[in-house]
Every structure is written in C-alpha cells, then in structure tokens.
Amino acid sequence: MHLHPSNWRPLVLCALLVGQKVWDDRYLSNADFAFIYPFFTTEEINRLEQKFLELIQYNVTVKASLYAKYYYELRTLYKDNEKEFPLTPLNNTDAGRLEIRSHKYQEAFTDVTKEKEKMSSTIGSVQTISKEKRSTGYAVIN
C-alpha cells in the first residue's frame with residue numbers, strides 16, 4: 001500500500017496502535033485512541049486495526065536487525081540536524097522481549113481470525129440450511 005495525503009494518518013495511527021499493543025504490558029485500548037485522536041470513533045479504529053493487520057498478514061514480528069537498521073537511519077538524520085538523539089540502541093534483552101511479545105501478539109490475532117472464520121462459515125451453513133428449509137420445508141444437510 002502506498003502512502004498518500006489521504007491515508008498516511010490512519011496508517012500511522014494503526015501502526016502505533018498495534019506497536020504499543022505488542023510492546024507495552026499495559027497498552028491503551030482502541031477507545032483510548034479514539035479519545036486521544038477524536039477523528040475516528042472506536043468502531044472505526046477497530047475496523048482500521050483489523051484491516052491493517054490483514055494487510056500486514058498479522059506479521060507483527062520485529063527482528064533485532066530490522067530495528068537496528070531503522071534506529072541507525074533515524075540517528076543519522078538527527079546527527080545531520082545537530083540534535084541529540086533521544087533513543088538508545090536496542091540491547092539483547094530488550095530485543096528478545098520484543099520478539100517474544102511480537103510472536104505472542106501475532107499468535108493471538110491469528111487465533112482470533114481463525115475463530116472468526118469458523119463462526120462465519122458456521123453462520124453461513126446455518127443460513128444455507130435455513131434458506132433450504134424455507135423453500136422445501138425440510139432442512140437439507142450435506
């Protein structure tokens with residue numbers, strides 16, 4: 001997905017939302033984000049988050065090498081502007097914690113998605129049976 005003037009804010013919001021849920025033990029809820037950023041309702045943020053996770057295929061894992069790459073790129077940008085960079089490099093302990101949390105979050109969302117798909121297919125089957133019963137008077141089960 002390409003960034004445009006019309007979509008960068010929702011994408012950054014979703015990235016921050018998912019990132020803080022992965023990293024923080026006590027994270028903000030989507031309702032908190034709706035309060036902080038009142039341009040979206042909680043329901044809209046829920047839908048945005050779901051779509052964002054689908055687009056990234058629930059891959060919320062951040063490898064230490066990727067983190068380091070962007071850390072040093074940002075640090076270089078700061079040095080060019082002669083400002084002190086406020087972040088510290090990711091150490092091995094924090095890198096391990098980040099990867100564990102990323103995997104747990106990814107597994108949780110994958111499990112939720114599988115459950116939703118099961119419920120959706122079950123509801124679809126019930127609707128199919130219901131339609132067949134209305135038209136024939138009998139429930140047809142394949």
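Rings of Phe, Tyr and Trp (its six-membered ring) pair if their centres lie within 6.5 Å, with planes under 30 degrees apart counted as stacked, over 60 as edge-to-face and the rest as tilted. Tyr37, Phe39 and Phe40 form one aromatic cluster. This is a predicted model, where local features need pLDDT of at least 70 and side-chain atom pairs count only at pLDDT 80 or more, while totals for chains, interfaces and linings use all residues. Residues are numbered from 1 along each chain as its sequence is written, and side-chain values use heavy atoms, leaving out hydrogens and water.

**Aromatic pairs**

- The ring rule gives three aromatic pairs.
- Tyr71 and Tyr72 are edge-to-face because their ring centres are 4.8 Å apart and their planes stand at 80°.
- Tyr72, at 43%, is partly exposed, a class that lies between buried and exposed (over 50%).

- Glu49 sits in helix 3 (residues 42-55); helices are DSSP runs (H or I, at least four residues), numbered from the N terminus.
- With a relative accessible area of 6%, Glu49 is buried.
- The side chains of Glu49 and Lys21 make a polar contact at 2.9 Å, a term for N or O atoms within 3.5 Å, where within protein one must be able to donate a hydrogen and the other to accept it, and residues adjacent in sequence count only if both atoms are side-chain atoms.

**Leu3**

- Leu3 belongs to the segment before helix 1 (8-23).
- Leu3 is exposed, with a relative accessible area of 60%.

Note on methods:
Helices (H or I, at least four residues) and strands (E, at least two) are DSSP runs, numbered from the N terminus. Buried means under 20% relative accessible area, exposed over 50%, partly exposed in between (1.4 Å probe, protein chains only).
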